[in-house]
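Here is a short report on a two-chain model. Look at the structure first, then read on.

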Amino acid sequence: MPRVSFDDWMLALHVLAAFSYVAAVTLFWILIVAGRRIDTPEGTLRLGGVARVGNAAVGIGAVGTIVLGIWLAFSYGGYDIWDAWILIAIVLWFLAAGVGRRTGEVFLEGPKKAQELEAAGQTGPNAELLAINRTQRGVQLHVLSTIILLLILIDMIWKPWA
Amino acid sequence: MSVVAVIRPDSWNFPLFLHVLGAMILVGGLLTGVAALATAKGSERLLRLGYWSLLAVSLPGWILMRIGAQWIATKEHWDDVPDDLIPAWLNIGFLIADIGGLVLLLSLILGGVGVYRMREGKGVGLLKATLVLSFIALAAYVVAVWAMAGKPD
């Protein structure tokens with residue numbers, strides 16, 4: 001059995017959490033593209049199962065990266081919490097969390113509208129639902145989330161001022 | 001290991017970035033593919049979404065990850081090291097990357113035929129096989145990420 005130190009376990013779990021975070025952002029990109037062609041309540045609500053997997057992955061990724069990242073900053077030899085690249089990552093993480101929460105709120109409008117239409121017995125194509133599913137505001141926010149996560153990845157690899 | 005990370009030459013960073021970004025896209029595509037195929041419950045839209053996530057996201061991610069892996073391995077001169085001195089984490093990473101790539105390829109072939117058969121109304125059995133294979137690939141890549149990051153001796 002290969003040997004892994006406790007700190008290296010924490011590092012591995014931190015990296016796995018980062019993968020979970022970025023995988024979720026990728027998943028939501030796929031849902032955004034798929035959602036642009038969906039104009040029925042049933043089709044919109046069908047994406048809910050995939051979105052729930054994405055939400056779980058974001059949760060695991062966001063909590064795992066910050067908690068284990070801060071642990072590693074204190075525990076790992078050679079790194080300190082006040083290192084510039086670690087402070088940059090923490091600031092970017094909070095930005096990503098804020099933008100991500102806002103993005104989620106915008107993209108919840110589609111399923112909400114779909115549920116209203118279903119409750120009203122309207123199951124056919126609906127132009128208003130299609131417009132909500134094509135939200136430009138949501139796309140802009142998700143672009144911003146993606147850029148912030150890319151900046152965190154760049155910061156983690158290049159480690160400026162380390 | 002932290003010392004190695006701190007003194008890593010700058011010229012290694014871009015290939016490493018491509019490798020990690022490709023791997024993240026690969027895992028994202030696999031996660032979406034597995035989620036869509038597993039929750040489809042016969043929905044053609046979700047079955048197609050699952051398959052296209054694998055084809056249009058995971059496959060490019062795998063190519064980027066593998067190119068980055070070879071580039072960084074060459075820069076680190078692992079090709080010049082005798083096989084018995086190659087560390088376990090690197091062997092695990094390369095093995096899973098390549099076998100996982102074959103599993104992904106097989107799932108894409110089966111899924112492609114499956115989507116065609118679904119369109120013809122001939123059932124979705126092959127897409128269930130695609131789900132199983134893509135889940136196996138996803139689990140394998142989680143192990144690979146653990147090995148590459150935790151660097152077991």
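Chain B has five helices and zero strands, counting DSSP runs from the N terminus (helices: H or I, at least four residues; strands: E, at least two). The model is predicted: local features need pLDDT of at least 70, side-chain atom pairs count only at pLDDT 80 or more, and totals for chains, interfaces and linings use all residues. Residues are numbered from 1 along each chain as its sequence is written, while chains are lettered from A and ligands numbered from 1 in the order written.

Along the sequence, chain B reads α-α-α-α-α. Its C-alpha atoms fill a box of roughly 55 × 30 × 20 Å along the principal axes. Of its 153 residues, 42% are buried (20 or more other C-beta atoms within 10 Å of a residue's own, with C-beta atoms placed from the backbone).

Contacts (C-beta atoms, placed from the backbone, within 7 Å) join the chains: 31 residues of chain A touch 33 of chain B. On the chain A side, α1(A) gives the largest share, 13 residues. The classes on that side are tabulated below.

| Class | Residues on the chain A side |
|---|---|
| Nonpolar | 23 residues |
| Polar | five residues |

The largest nonpolar core has 83 residues. Such a core is a set of buried Ala, Val, Leu, Ile, Met, Phe, Trp, Tyr and Cys residues joined through C-beta atoms within 7 Å. The largest share of this core, 20 residues, comes from α1(A). A:Leu27, B:Val27 and B:Val145 have the most contacts inside the core. Beyond its neighbours within four places in sequence, B:Val145 contacts A:Val15, A:Leu16, A:Phe19 and B:Ala23.

Technical notes:
A residue is buried if 20 or more other C-beta atoms lie within 10 Å of its own, exposed if 12 or fewer, and partly exposed in between; C-beta atoms are placed from the backbone. Two residues are in contact if their C-beta atoms, placed from the backbone, lie within 7 Å. Ala, Val, Leu, Ile, Met, Phe, Trp, Tyr, Cys and Pro count as nonpolar, Asp, Glu, Lys and Arg as charged, and the others, Gly among them, as polar.
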